[in-house]
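Please look over the fold shown here. The report below goes from the whole chain to single residues.

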Amino acid sequence: MMKFASFETIVEMIYKYAIPRPKDQCSKGLQLGVSFAGGYVAGVFCAIVSHPADNLVSFLNNARGATVGDAVKKIGLLGLFTRGLPLRIVMIGTLTGAQWGIYDAFKVFVGLPTTGGVAPAAAISPSEAKA
């Protein structure tokens with residue numbers, strides 16, 4: 001869930017703050033680059049959020065019969081959050097960026113728009129315009 005929510009938000013923010021023109025005026029290559037970058041950053045967020053639990057599970061799997069308290073004593077609370085995090089960020093960021101890049105490349109291939117961007121304003125119906 002974190003990947004999807006953060007990806008959409010990040011891509012919208014890239015188009016809003018970093019790209020000087022609307023998404024529909026950007027080349028498909030630039031749009032795919034935004035998808036990869038948004039996916040990479042979303043992957044970094046996911047890696048940071050899930051890392052302590054993954055460290056804990058790895059410790060518990062390797063130390064049969066150990067408890068969560070044993071893990072915190074051995075690794076330390078800070079260690080649960082930081083041990084192996086840089087490598088995990090590179091791995092998960094790259095994989096997630098590639099996943100979103102491939103997803104949007106396929107969408108472009110079949111003629112669909114890439115993900116993200118600020119949604120256009122809703123059209124006003126003729127009956128609303130008369131009121």
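## Overall fold

Helices here are DSSP runs of at least four residues, numbered from the N terminus. Read along the sequence, this predicted model follows the pattern α-α-α-α-α-α. The chain comes to 6 helices and 0 strands.

Buried residues make up 31% of the 131 residues. The chain exposes about 8,500 Å². Carbon and sulfur atoms supply 69% of that area. Take the contacts with a separation of 6 or more: 73% of them join residues 24 or more positions apart.

## Helix α1

Which residues of α1 are buried? They are Ser-6, Phe-7, Ile-10, Val-11, Ile-14 and Tyr-15. These residues cover an arc of only 160 degrees around the axis, so they sit on the same side of α1. An α-helix has 3.6 residues a turn, so residues three or four places apart point the same way. Lys-16 and Tyr-17 are exposed on the other side of α1. The cover over the buried residues of α1 includes α2 and α5.

## Aromatic pairs

A pair of aromatic rings is described by the distance of the centres and the angle of the planes. The structure holds 4 aromatic pairs. One of them joins Phe-4 and Trp-100, with ring centres 5.5 Å apart. Their planes stand at 85 degrees; over 60 counts as edge-to-face, so this pair is edge-to-face. Phe-4 lies in helix α1 (residues 2-18) and Trp-100 in helix α5 (residues 85-109). The pair therefore ties together parts that are 96 residues apart in sequence.

Trp-100 is buried, with a relative accessible area of 9%. Phe-4 and Trp-100 also belong to one aromatic cluster with Phe-7 and Tyr-103.

Phe-36 and Tyr-40 form another pair, with ring centres 6.2 Å apart. Their planes are at 45 degrees, so the pair is tilted. Both residues lie in helix α2 (residues 28-62). They are 4 residues apart, which means a separation of about one helical turn. Phe-36 is partly exposed, at 36% relative accessibility. Tyr-40 is partly exposed too, with a relative accessible area of 26%.

Gln-31 lies in helix α2. Is Gln-31 buried or exposed? Its relative accessible area is 4%; buried means under 20%, so Gln-31 is buried.

What does Gln-31 touch, leaving aside its neighbours within four places in sequence? Its contacts are Tyr-15, Lys-23, Cys-26 and Thr-114. Of these, Tyr-15 is among the buried residues of α1. Cys-26 is buried as well, at 8% relative accessibility.

## Cysteines

How many disulfides does the structure hold? The count is 0. A disulfide would need a pair of cysteine sulfur atoms within 2.5 Å. Cys-26 is buried, at 8% relative accessibility. Cys-46 is also buried, with a relative accessible area of 12%.

How values were computed
Residues numbered from 1 in each chain as written. Predicted model: local features only at pLDDT ≥ 70, side-chain atom pairs only at ≥ 80, totals over all residues. Heavy atoms only, no water. Phe/Tyr/Trp six-rings, centres within 6.5 Å; stacked < 30°, edge-to-face > 60°. Helix = DSSP H or I, 4+ residues; strand = E, 2+ residues; numbered from the N terminus. Buried < 20%, exposed > 50% of the residue type's maximum accessible area, 1.4 Å probe, protein only. Arc of directions from axis to C-beta. Contact = heavy atoms within 4.5 Å. Areas by Shrake-Rupley, 256 points an atom, 1.4 Å probe, with all protein chains shown as cover.
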